[in-house]
Amino acid sequence: MKIIPLSEGAFTVDASKKFIPFKLSEDEMADRNRGSLLVEIQPFVVITADDIILLDTGLGLIDDDGQFQLYKNLRDNGINATDVTQVIMSHLHKDHAGGLINPYTRQLAFENATYHIQQQELDYALEIGSASYNTDLLELLQQSDNLVLTEAETGFIADGISYEVTGAHSKFHRVIWLNEGGETIFFGADDAPSFHR
Ligand SMILES: [Zn+2]
């Protein structure tokens, strides 16, 4: 399997849940608002024998040239949006779910892909409607035929792809394992330590 990180850059985020670009080389950690987290937005694409799998989708940013950044990052690696066959979500915070929908067309960003989401995470996001989630976008997604929801705490998403709901970072956050040919990729998403101030 081949893993390709698709970085959208570093951002600082405080209680307002607004993502402010943070340049690691220029900006000072101490200048940020109190309680800020520094986050690196980085979906991954994994290429297996049969699939092109997107693990989370980033912020859904449009860059300075007016390009949908996720598409650009994929294209830079020789991948078209239509090539993606599976989109697997760890959780639905807006810095992970922003690229599920094309910001220009308001249609699914990956029309040929199956979108895998944990049912309780979607229900929770739509119900709570907090600043951490983009509910407009999730409502659009909900109408899609490409959506496959899982409910069990652990299980399989597809052949060789399993998950476990871990909570911790968000109520129904899950972690993912991809197995192929004796290799294992673990995707822990936001269940990871981060710098906190
Ligand atoms: Zn998150």
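The model is predicted, so local features need pLDDT of at least 70 and side-chain atom pairs count only at pLDDT 80 or more, while totals for chains, interfaces and linings use all residues. Residues are numbered from 1 along each chain as its sequence is written, and side-chain values use heavy atoms, with hydrogens and water left out.

**Stop 1**

Select Arg106. Its relative accessible area is 41%, so Arg106 is partly exposed. Arg106 sits in the loop between helix 2 and strand 8 (114-118). Helices (H or I, at least four residues) and strands (E, at least two) are DSSP runs, numbered from the N terminus. Check the backbone: phi of Arg106 is near 60 degrees, a positive value in a residue other than glycine.

Now go to Lys17, in the loop between strand 2 (9-13) and strand 3 (19-21). Lys17 is not a glycine, yet its phi is positive, about 65 degrees. Its relative accessibility is 34%, which counts as partly exposed.

**Stop 2: the zinc ion**

Select the zinc ion. Its protein donors are His91 (NE2), His93 (ND1), His169 (NE2) and Asp190 (OD), at 2.1 to 2.5 Å. Donors are N, O and S atoms within 2.8 Å of the metal (3.2 Å for Na, K and Ca); water is not among the atoms, so sites may look incomplete. Along the sequence, the donor residues follow the spacing H-x1-H-x75-H-x20-D. His91 lies in the loop between strand 7 (86-88) and helix 2, and His169 in the loop between strand 11 (161-165) and strand 12 (174-180), so this pair ties together parts that are 78 residues apart in sequence.

The four donor atoms subtend 82 to 171 degrees around the zinc ion, which makes the arrangement irregular. For reference, four donors count as tetrahedral if all angles lie between 85 and 135 degrees; four count as square planar and six as octahedral if opposite donors are over 155 degrees apart and all others between 65 and 115; anything else is irregular.

Color by accessibility. His91 is at 1%, so His91 counts as buried. His169 is at 34% and counts as partly exposed.

**Stop 3: the largest pocket**

Show the surface. The largest pocket holds about 690 Å³ of space. Of its 29 lining residues, the closest to its centre are Val39, Asp95, His96, His169 and Asp190. On a 1 Å grid over the protein atoms alone, a pocket is an open set of points where a 1.4 Å probe fits, with protein on both sides within 12 Å along at least five of seven lines; lining residues have an atom within 4 Å of a point. Points are joined across faces, edges and corners, and the volume is the space filled by probe spheres set on them.

Highlight strand 4 (37-41) and helix 2 (94-97): each supplies at least two lining residues. Strand 4 gives the most, with five. The lining divides into 14 nonpolar, eight polar and seven charged residues. Here Ala, Val, Leu, Ile, Met, Phe, Trp, Tyr, Cys and Pro count as nonpolar, Asp, Glu, Lys and Arg as charged, and the others, Gly among them, as polar.

**Stop 4: Thr150**

Select Thr150 in strand 9 (residues 147-150). Its relative accessible area is 15%, so Thr150 is buried. Its side chain makes a polar contact of 2.8 Å with the side chain of Gln118. Another, also 2.8 Å, joins the side chains of Thr150 and Arg174. A polar contact is a pair of N or O atoms within 3.5 Å; within protein, one must be able to donate a hydrogen and the other to accept it, and residues adjacent in sequence count only if both atoms are side-chain atoms. The C-alpha atoms of Thr150 and Gln118 are 5.0 Å apart, across 32 residues of chain.

**Stop 5: His173**

Finish at His173, in the loop between strand 11 and strand 12. At 0% relative accessible area, His173 is buried.

Terms used: Buried means under 20% relative accessible area, exposed over 50%, partly exposed in between (1.4 Å probe, protein chains only).
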